[in-house]
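Please walk me through this protein model. I would like a short report on its elements, its strand pairing and its side-chain contacts.

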Amino acid sequence: MIGGRNMDAYIKKIYDMLYSPIISPYNLLENAKLENYSYVKYFTNEEGLVAEMQCVIPGEGEMVFYYQFDKKDYLQRIYQNTMEKKNIVFSRKKAVETAKEEYYSNKTAIGKVC
């Protein structure tokens, strides 16, 4: 039954990546109250809403992060902008692919054990 619980966790992860907003733009507004945040700004682009946040990360300094939401306010990507380069921190598309790969590789491994 341990394998069943593990498989349920993989299925939940896939489901969450496909159908959960993960975090909302409203949740990010709370970050503006934290001491290490300079600002949280919102603007729209062709994909949806973008939250831009500047914060200080200990040992790394001041950083700017962008949270890209779609028109339904579902988080799609988080990236960090550094000197004309976007460093992708999170991608929903990539997270779905990774979750599916983990599910199928573990399903095969558990099937061999059982």
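The report below goes from the whole chain to single residues.

## Ground rules

This is a predicted model, so local features need pLDDT of at least 70 and side-chain atom pairs count only at pLDDT 80 or more, while totals for chains, interfaces and linings use all residues. Residues are numbered from 1 along each chain as its sequence is written, and side-chain values use heavy atoms, with hydrogens and water left out.

## The whole chain

The protein has 3 helices and 5 strands. Both kinds of element are DSSP runs numbered from the N terminus: helices are H or I with at least four residues, strands are E with at least two. Their order from the N terminus is α-α-β-β-β-β-β-α.

How confident is the predictor? The pLDDT is its confidence in each residue, from 0 to 100. The protein averages 85, and 85% of the residues score at least 70. Among the elements, strand 1 (residues 37-44) has the highest mean pLDDT, 96. Helix 1 (residues 2-19) has the lowest, 70.

Of the 114 residues, 32% are buried. Here buried means under 20% relative accessible area, exposed means over 50%, and partly exposed lies in between (1.4 Å probe, protein chains only). The accessible surface of the protein is about 8,000 Å², and carbon and sulfur atoms hold 55% of that. Such areas come from the Shrake-Rupley method with a 1.4 Å probe; for residues, only the protein chains shown count as cover.

A contact means heavy atoms within 4.5 Å. Take the contacts with a separation of 6 or more: residues 24 or more positions apart account for 32% of them.

## Strands and hairpins

Two strands pair if DSSP finds at least two bridges between them. Strand 1 and strand 2 pair in the antiparallel sense over 7 bridges. Tyr 37 has Cys 55 in strand 2 as its bridge partner. The two strands form a hairpin with 4 residues between them. In that turn, Gly 48 has a positive phi of about 160°.

Next comes strand 2 (residues 49-57) with strand 3, antiparallel over 8 bridges. Gln 54 stands opposite Val 64 in strand 3. This pair of strands also makes a hairpin, with 3 residues between them. Gly 59 in the turn has a positive phi of about 85°.

Is strand 3 (residues 61-69) mostly covered or mostly open? Mostly covered: 7 of its 9 residues are buried. In a regular strand the side chains alternate between the two faces of the sheet.

Tyr 67 is found in strand 3. Tyr 67 counts as buried because its relative accessibility is 14%. Leaving out residues up to four places away in sequence, Tyr 67 touches several others, including Leu 28, Leu 49, Leu 75 and Ile 78. Tyr 67 and Glu 52 are 15 residues apart in sequence, yet their C-alpha atoms are 6.5 Å apart in space.

Gln 76 lies in strand 4 (residues 75-82). Its relative accessible area is 18%, so Gln 76 is buried. Beyond its neighbours within four places in sequence, Gln 76 is in contact with Glu 47, Gln 68, Phe 69, Asp 70, Phe 90, Ser 91 and Arg 92.

## Charged pairs

Side chains of opposite charge can pair when their charged atoms come close. A salt bridge is a side-chain nitrogen of Lys or Arg within 4 Å of a carboxyl oxygen of Asp or Glu. The structure holds 2 of them.

| Salt bridge | N to O distance |
|---|---|
| Lys 33 and Glu 30 | 3.5 Å |
| Glu 47 and Arg 77 | 2.5 Å |

Why does the pair of Glu 47 and Arg 77 tie together parts that are 30 residues apart in sequence? Glu 47 lies in the loop between strand 1 and strand 2, and Arg 77 lies in strand 4. Glu 47 is partly exposed at 26% relative accessibility. Arg 77 is partly exposed too, at 25%.

In the other pair, Lys 33 is exposed, with a relative accessible area of 66%. Glu 30 is partly exposed, at 46%.

## A nonpolar patch

Tyr 15, Leu 18 and Tyr 19 form a nonpolar patch on the surface. Together they have about 340 Å² of accessible area. Patches are made of residues with over 30% relative accessible area and no salt bridge; like charges are joined within 9 Å, nonpolar side chains (Val, Leu, Ile, Met, Phe, Trp, Tyr) within 5 Å. Leu 18 is found in helix 1. Leu 18 is partly exposed, with a relative accessible area of 37%.

Notes. pLDDT is the predictor's confidence in each residue, from 0 to 100.
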